[in-house]
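Hello,

Here is the structure I promised to pass on to you.

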Amino acid sequence: MFDIQQLRVLQEVSRTGSYTAAAASLGYTQPAVSYQMRRLQKAAGAPLVVRTGRKVRLTEVGDALVRHADAVFSTLRAAEQEISSMVARGGGLVRIAAFQSSCVTLMPELVTRLRIGHPDVRVTVLQAEPADARRMVRSGEVDLGLLCNWAGDDLPDGERTMTRTELLRDRRCVLLRQDDPLAARSTIDLAELAGRPWVMEQFRDRFEAACTNLGFEPDVVATVDDVSAIQTLVASGLGISLMSEMALHAHLAPGLVARPLHDWPLRHTYALLWPDMTGVQAVKTVLDEIRAVADMLRERAGFPDA
């Protein structure tokens, strides 16, 4: 039988890519991590890692064992939550990782509903890109993730054994000044925007690939990850931008308009968690309330049905 602490060490080695970094994260010495890994490899009967320079990489056996370790720690976390919830009569702490625009739309409404209807349920919120949120849900660092991806994309790696709850869909919009010649349009084609200066977020691979497919390279004059800063720069006349309807519902600066980008896939927002977590009352309460908030937001903002 595998030792639970050794599995935790393997999990950190997988996450950090080195024994030294894993030791620092766990508060161990590097020799202690090496010892635990040797014992775990002996128990497994096969190498779990191989060295690649100063880093280590998991073998196929190591990858399989990490997947099981993720499930084990999720189950333990669910047990802790269930007992805590029973003791607190349905209350408890639920840790959430959420992408940027959901933090300014879904999360404030959720917190308000919990404060009024479920005061024993508490949440912590960590803003994280979907890939990081997915990793944190799998490793048990958070109990529930709010993630997004684009219609037509394949199911991301790591989600096939997890529970995915669709919440809502929204469109990608072009953000312009009101005096822009294209502001009167109901929708805008990306091809019409070749040669325009752009104010964009750091993660923009899909946008750049779409521009390349249309035969132009976007002139990105500012890279900013803050929604308010992007809107302020667009309002100043520095450039135009792309922004989700969800973020625009939370705030649209005076003097700006948003027009849907024509023929662009819808963005899907969904909750991700381990199946065991749906049996924890506090987590179930949070998930139910998030669904209710998404329904309300969809009706209020006119988003497409999920």
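Which helix or strand gives the largest share of the lining of the largest pocket? That share, four residues, comes from H7. Before the rest, a word on the source: this is a predicted model, where local features need pLDDT of at least 70 and side-chain atom pairs count only at pLDDT 80 or more, while totals for chains, interfaces and linings use all residues. Residues are numbered from 1 along each chain as its sequence is written, and side-chain values use heavy atoms, with hydrogens and water left out.

**Pockets.** A pocket here is an open set of points on a 1 Å grid over the protein atoms alone, where a 1.4 Å probe fits, with protein on both sides within 12 Å along at least five of seven lines; lining residues have an atom within 4 Å of a point. The volume is the space filled by probe spheres set on the points, which are joined across faces, edges and corners. Helices (H or I, at least four residues) and strands (E, at least two) are DSSP runs, numbered from the N terminus.

The largest pocket has a volume of about 900 Å³. Its lining has 31 residues, and Glu129, Pro130, Cys148, Trp150 and Phe203 lie nearest the centre. Among the elements that supply at least two lining residues each are helix H7 (130-139) and strand E5 (144-150).

The second largest pocket holds about 530 Å³ of space. Of its 22 lining residues, Val66, Arg67, Asp70, Arg138 and Gly158 lie nearest the centre. Helix H1 (4-16), helix H4 (60-87) and H7 each give two or more residues to this lining.

**Cysteines.** With a disulfide taken as a pair of cysteine sulfur atoms within 2.5 Å, the count comes to zero. For cysteine 103, the nearest cysteine sulfur is that of cysteine 148, 11 Å away.

Happy browsing!
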